[in-house]
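This report goes through a chain from its overall make-up to single residues. Sequence and structure come first.

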Amino acid sequence: MRVLLIGANGYLGRFVADRLLADPAVQLTALGRGDDADVRFDLASGSPGALTRFLDAVHPGVVINCAGATRGGARELTRHNTVAVATVCEALRRSGCGARLVQIGCGAEYGPSQPGSSTAEDAVPRPGGPYGVSKLAATELVLGSGLDAVVLRVFSPAGPGTPAGSPLGRLAEAMRRAMQSGDGELKLTGLGAQRDFVDVRDVARAVHAASLSAAQGVINIGSGRAVRLRDAAAVLARVAGYGGALHELDGPPGPLRATVGHPRGDSDHTAHGAHTGHTGHNAAPVAYPDGCGSWQQADVRTARDRLGWRPRISLEESLGDIWMEAACRI
């Protein structure tokens, strides 16, 4: 099976590539903007015609799109998450390859959910920010393309390679700095949000399964369990062997922030316009700009029924891998 993987060097794409390369039945070609891609092509600026010519030459049976942007202004997010997908869809429509499309969507397309609920694929999407809007627009393009296509809505990926800008990545970095400098406190605010974390290796398994299946439409990929960020922080501290105190600071709901300091912290510190009170030094603000409010939890029954997929890797294992990478920087 010839597979064209777009975005093989991204956070999710790297693990998808590893999973596909482990399948002897797959012949993989990587397309991307970097020099290490098999074929260099920028979806945000390249023409559908150029991509069509490449598809006709390679003739893949499956195209997997892991490319996209998670941060930036509305214009940049639209270019990389929506315009790029429009290019892929148009190129596939023009091509004679007849390839199946596996598009990576995200849980942010749904927006905030009712606390305690599980979001199923038939929920009405109401994204709460430009990232979710750009990804939802891409999903609608795929669903309306007439192609043999499936969109995997991945909730909150975690595990090795977790970006430093994510809440778990910044928590690990804050903990690393606290341990390196001997600070006895890690003060946190914004830990009330609950998210459905799913390991990136489980996501790669889902992508592999989707590429082999006949499933179409939208399929949620998550753990099926919301975890409060304060609980994830406590698990990370245990995994890291951090012996200091974790203090949650009172404050209004907002982005996750972490501050480390000596127990007798003697100064106030603010960052990103949010005052954290008496926090000490070495502030490490941790943003979660997904527009998903205080709660998200995926209903993953469709993935089980249509892909034969279930998550296997626990959050504790994912956090352990996040910490191992952070610890290497000590």
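## Overall make-up

The chain has 9 helices and 17 strands. Helices (H or I, at least four residues) and strands (E, at least two) are DSSP runs, numbered from the N terminus. This is a predicted model: local features need pLDDT of at least 70, side-chain atom pairs count only at pLDDT 80 or more, and totals for chains, interfaces and linings use all residues. Residues are numbered from 1 along each chain as its sequence is written, and side-chain values use heavy atoms, with hydrogens and water left out.

Of the 330 residues in the chain, 55% are buried. Buried means under 20% relative accessible area, exposed means over 50%, and partly exposed lies in between (1.4 Å probe, protein chains only). Now the contacts (heavy atoms within 4.5 Å). Among contacts with a separation of 6 or more, 81% are between residues 24 or more positions apart.

## Helix H3

Helix H3 covers residues 74-94, 21 residues in total. From first C-alpha to last it reaches 29 Å, close to the 30 Å expected at 1.5 Å a residue. The expected span is 1.5 Å times one less than the number of residues. H3 bends by about 25° at His80. That bend is the angle between axes fitted to the seven residues ending there and the seven starting there.

Which residues of H3 are buried? They are Leu77, His80, Asn81, Thr82, Ala84, Val85, Thr87, Val88, Cys89, Ala91 and Leu92.

## Helix H6

Helix H6 spans residues 200-212 and has 13 residues. Its first and last C-alpha atoms are 19 Å apart, close to the 18 Å expected at 1.5 Å a residue. Buried residues account for 11 of the 13, so H6 is largely enclosed by the rest of the structure. Among them are Val200, Asp202, Arg205, His208 and Ser211.

## Salt bridges

How many salt bridges does a search of the whole structure find? It finds 14. The criterion is a side-chain nitrogen of Lys or Arg within 4 Å of a carboxyl oxygen of Asp or Glu. One of them joins Asp148 and Arg100, with the closest N and O atoms 2.7 Å apart. Asp148 lies in the loop between H4 and strand S6 (149-154) and Arg100 in strand S5, so the pair ties together parts 48 residues apart in sequence. Asp148 is partly exposed, at 32% relative accessible area. Arg100 is buried, at 4%.

Glu109 and Arg153 also meet in a salt bridge, at 2.8 Å from N to O. Glu109 sits in the loop between S5 and H4, Arg153 in strand S6, and the two are 44 residues apart. Glu109 is buried at 0% relative accessible area. Arg153 is buried at 2%. Glu248 pairs with Arg230, with closest N and O atoms 2.7 Å apart. This pair links strand S13 (residues 245-248) to helix H7 (residues 229-240), across 18 residues. Glu248 is partly exposed at 37%, and Arg230 is partly exposed at 31%. Elsewhere, salt bridges that share partners join Glu90, Arg93 and Arg94 into one network.

## Aromatic rings

The structure holds 1 aromatic pair. Rings of Phe, Tyr and Trp (its six-membered ring) pair if their centres lie within 6.5 Å; planes under 30 degrees apart count as stacked, over 60 as edge-to-face and the rest as tilted.

## Two loop positions

Ala99 is in the loop between H3 and S5. Is Ala99 buried or exposed? Ala99 is buried, at 5% relative accessible area. Leaving aside neighbours within four places in sequence, Ala99 contacts Pro60, Gly61, Val62, Val63, Leu92 and Asp148.

His59 lies in the loop between H2 and S4. His59 is not a glycine, yet has a positive phi of about 55°. At 42% relative accessibility, His59 is partly exposed.
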